[in-house]
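Subject: Structure handover and what was found in it

Dear colleague,

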Amino acid sequence: MPLRTPFHDSHLAAGARMVDFSGWEMPINYGSQIEEHHAVRTDAGMFDVSHMCALDLTGIDARAYLRHLLANDVAKLATPGKALYSCMLNTEAGVIDDLIVYFFTPEHYRIVVNAGTAEKDIAWMQMQLKGFRAELAERRGGSHAVAMLAVQGPKARERFWAAFPDSRAVSEPLGIFQGVEFASTGGDWLIARTGYTGEDGFEITLPSGEAAATWQKLVAAGIRPCGLGARDTLRLEAGMNLYSQDMDESVSPYEAGLKWTVDLKDAARDFVGKSALATRRLSVQFVGLLLLERGVLRAHQKVITPQGVGETTSGSFSPTLNQSIALARLPLDVAIGSEVEVEIRDKRLKARVVKPTFVRNGKSLI
Amino acid sequence: MNTPTNLKYAASHEWAKLEDDGSVTIGISDHAQEALGDIVFLDLPALGRELKAGEECAVVESVKAASDIYSPVSGEVTEINQAAIDAPESINADAYANWLFRVKPADTAKCSSELAALLDSTAYAATL
């Protein structure tokens, strides 16, 4: 029996095509994936992300624990509601998962991890808790379950405010990667200016009992339901990694384009994987590919370069650029701007190496 | 699901239509286009290629996935639908008007038996 989110009935009512995603029954699209993609780039769309796992971390050592657990440093979080993207590494510096952590107080954080890795993550986090005075509580399933909804697009915030005018005063001042608690009639919400599409918008965490009514109000405000299909092409255009596809425990953040998320500023801070990161020899770089011929790049295609062979990690058709794009790991010496060849079935097609961000805020960066 | 009665269908979701000149037009079913989602690329067989019934000969790619196409009948590829190559999304709009390629069977009797072995509209609809 697949798991269902609090929005399940809303999806069916909206005509969703449902698929299994990491054991969860989730909408892949509600008709046209491309139209949903464009809605997010040009107007506003929303995604049910309740399959992701929210965890509350509380305790006197919560901050010290996260500084040990994560490659990015929560010490830089000072404003309540501020969010941080980080990798959680194993002792060999392989990526166990990527996650977002929200700061409320030095003794209270919210962590959101991927659906497919949640059990593994929680087991690892519990193991690392030894010696720290803090505890983790899962906010998925059960009476404390939350629903999560990403509302994304250039008009996402305006349309959200039209549906929930009372939330405007607290959520309008939010900067990027900043969240705020909002007391709705049904309980506490977390409204955060985060996302996974390369567009402006909010990610909203709310009591699961309010899910269906919230969904309906947002649809009435002109926000288009979008499935996992559009979510994937949007994040790919934005150059954002998908865990288990672009990275896993066999690669370090340096091999997945995530060096910027590893915080080494505090030399006194030791985190899991730090020593391995320092000694691991880097042989690959993480880049974007733009297909110069007709075809569609997919994950795990061979990339032939003068410096050696690489591999695509994600690929699809980019609805914004109207051509195919991919993320890839290539030999270190391949220059941005150079031409390579990708093996697709029995053909070799030309592609250009680019920085792995293709689209931001509706505009092509290529 | 839309399955016109004047066509024959393969279990792998291609349709075939015998034309008056003895050639066979091949496309994908409405069910196939819907399952694939937005189609963005067609890789069709080269003109002149000799196909055997059941041979993998083309690829239809949607945003979501690549799907192999098998020729329902044997014959030489005499035409490919350039309009569909230029606008692959037309197949999502009408999978029966927007065909993929045509073959000219060398052996009419063999072609008849290959077509007879395919599913009719009712039988195909029952598999969906």
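Chain A has nine helices and 21 strands. Its radius of gyration is 20 Å, close to the 21 Å that the globule rule gives for 366 residues, so chain A is as compact as a globular protein of that length. Please bear in mind that this is a predicted model, with an ipTM of 0.87 and a pTM of 0.94; for chain B, the mean pLDDT is 96, and 100% of the residues reach 70 or more.

On the overall form of chain A, the C-alpha trace spans about 60 × 50 × 40 Å along its principal axes, and 48% of the 366 residues count as buried. Among the contacts in chain A with a separation of 6 or more, 67% are accounted for by residues 24 or more positions apart. The domain assignment divides the chain into domain 1 (8-50 + 142-236), domain 2 (54-138) and domain 3 (283-364), and the C-alpha centres of domain 2 and domain 3 of chain A lie 33 Å apart.

In soluble globular proteins, nonpolar side chains tend to be buried together. If neighbours within four places in sequence are left aside, the contacts of Val151(A) include Ala44(A), Met46(A), Phe160(A), Phe202(A), Ile204(A) and Leu218(A).

Is Arg139(A) buried or exposed? Arg139(A) is buried, because 20 other C-beta atoms lie within 10 Å, and 20 is the count from which a residue is called buried. Leu55(A) is 84 residues away from Arg139(A) along the chain, yet their C-alpha atoms are separated by 5.5 Å. Beyond its neighbours within four places in sequence, Arg139(A) is in contact with Ala54(A), Leu55(A), Asp56(A), His144(A), Ala145(A) and Val146(A).

In chain B, strand S4 (residues 39-43) is mostly covered, with four of its five residues buried. Four bridges join S4(B) to strand S6 (residues 56-62) of chain B, and the two strands run antiparallel; within this pairing, Phe41(B) has Glu61(B) of S6(B) as its bridge partner.

With best regards

Note on methods: Residues are numbered from 1 along each chain as its sequence is written. Chains are lettered from A and ligands numbered from 1 in the order in which they are written. This is a predicted model: local features need pLDDT of at least 70, side-chain atom pairs count only at pLDDT 80 or more; totals for chains, interfaces and linings use all residues. Two residues are in contact if their C-beta atoms, placed from the backbone, lie within 7 Å. pLDDT is the predictor's confidence in each residue, from 0 to 100. Domain bounds come from an automatic or database domain assignment. A residue is buried if 20 or more other C-beta atoms lie within 10 Å of its own, exposed if 12 or fewer, and partly exposed in between; C-beta atoms are placed from the backbone. Two strands pair if DSSP finds at least two bridges between them. The radius of gyration is taken over C-alpha atoms; the globule rule is 2.2 Å times the number of residues to the power 0.38.
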